[in-house]
Amino acid sequence: HYRNLNMPKECSKHFMAFSPTLDDALTSYIEPFKDKTHHYNFLKLTPGYNLWMHYDSYSTFVRYNNITETQSEKINRTIVMLTDWEPGQVLQIKNYTHTKWNIGDTYSWSAYAWHGVGNFGFSDFVVMQITWLDE
């Protein structure tokens, strides 16, 4: 999609860690999802980068959990803010922009909602992403 718009891939550089071992503080964030099919990972977006408006295909989640096409409409994403908001950081989900969050604040969306994040501030933007099935 980005290639079709001539957007340089290097502007969206970010780092991810999939299913690392969690300490007790982080385990509390996935507790509400323990009875649901879920997966977690971490995302870090350093200053000067952004993730353009996009929607996720959840292909890894679908593949590892044998999600059917009918079930795929019930996929949800919750992100947990692991750093306090700092000026220059903005999250957009659909037509709503979010700023001024605190560590532990969460934002959720369902299925294939358009979303993106920009970090034109001076500090890393770090979140825990929890993908889950609304069963």
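These legends describe close-up views of a predicted model.

**View 1. The largest nonpolar core.** This core has 19 residues. Ile79, Met81, Leu91, Tyr107 and Phe125 have the most contacts inside it. At least two core residues come from each of the strands β2 (38–45), β4 (75–81), β5 (89–93), β7 (106–110) and β9 (125–133). Another core, of 11 residues, lies apart from this one, and includes Phe33, Tyr40, Phe42 and Met128. In soluble globular proteins, nonpolar side chains tend to be buried together.

**View 2. The surroundings of Leu91.** Neighbours within four places in sequence are left aside here. Leu91 is then in contact with Ile79, Met81, Tyr96, Thr97, His98, Trp101, Tyr107, Gly116 and Val117. Among these partners, Ile79, Met81 and Tyr107 are also listed with Leu91 as having the most contacts inside the largest core.

**View 3. Asp56 and its partners.** Asp56 sits in the loop between β3 (49–54) and α2 (59–65). Its relative accessible area is 16%, so Asp56 is buried. The Asp56 side chain makes a polar contact of 3.3 Å with the side chain of His54. With Arg77, Asp56 forms a salt bridge of 3.2 Å, N to O.

**View 4. Salt bridge between Lys44 and Asp124.** The closest N and O atoms of Lys44 and Asp124 are 3.9 Å apart. Lys44 belongs to strand β2, while Asp124 lies in the loop between β8 and β9. The pair links distant parts of the chain, 80 residues apart. Lys44 is partly exposed, with a relative accessible area of 30%, and Asp124 also counts as partly exposed, at 30%. Side chains of opposite charge can pair when their charged atoms come close.

**View 5. Salt bridge between Lys34 and Glu31.** Here the closest N and O atoms are 3.1 Å apart. Lys34 counts as exposed because its relative accessibility is 52%, and the cut-off for exposed is over 50%. Glu31 has a relative accessible area of 41% and is partly exposed. The count for the model comes to 3 salt bridges.

**View 6. A nonpolar patch on the surface.** Met53, Tyr55 and Trp114 form this patch. Together they have about 300 Å² of accessible area. Trp114 is in the loop between β7 and β8 (115–119). Trp114 is partly exposed, with a relative accessible area of 38%.

Notes
Residues numbered from 1 in each chain as written. Predicted model: local features only at pLDDT ≥ 70, side-chain atom pairs only at ≥ 80, totals over all residues. Heavy atoms only, no water. Core = buried A, V, L, I, M, F, W, Y, C linked by side-chain atoms within 4.5 Å. Buried < 20%, exposed > 50% of the residue type's maximum accessible area, 1.4 Å probe, protein only. Helix = DSSP H or I, 4+ residues; strand = E, 2+ residues; numbered from the N terminus. Contact = heavy atoms within 4.5 Å. Polar contact = N/O pair within 3.5 Å; in protein donor to acceptor, adjacent residues only side chain to side chain. Patch = residues over 30% accessible without salt bridge, like charges linked within 9 Å, V, L, I, M, F, W, Y side chains within 5 Å. Areas by Shrake-Rupley, 256 points an atom, 1.4 Å probe, with all protein chains shown as cover. Salt bridge = Lys/Arg side-chain N within 4 Å of Asp/Glu carboxyl O.
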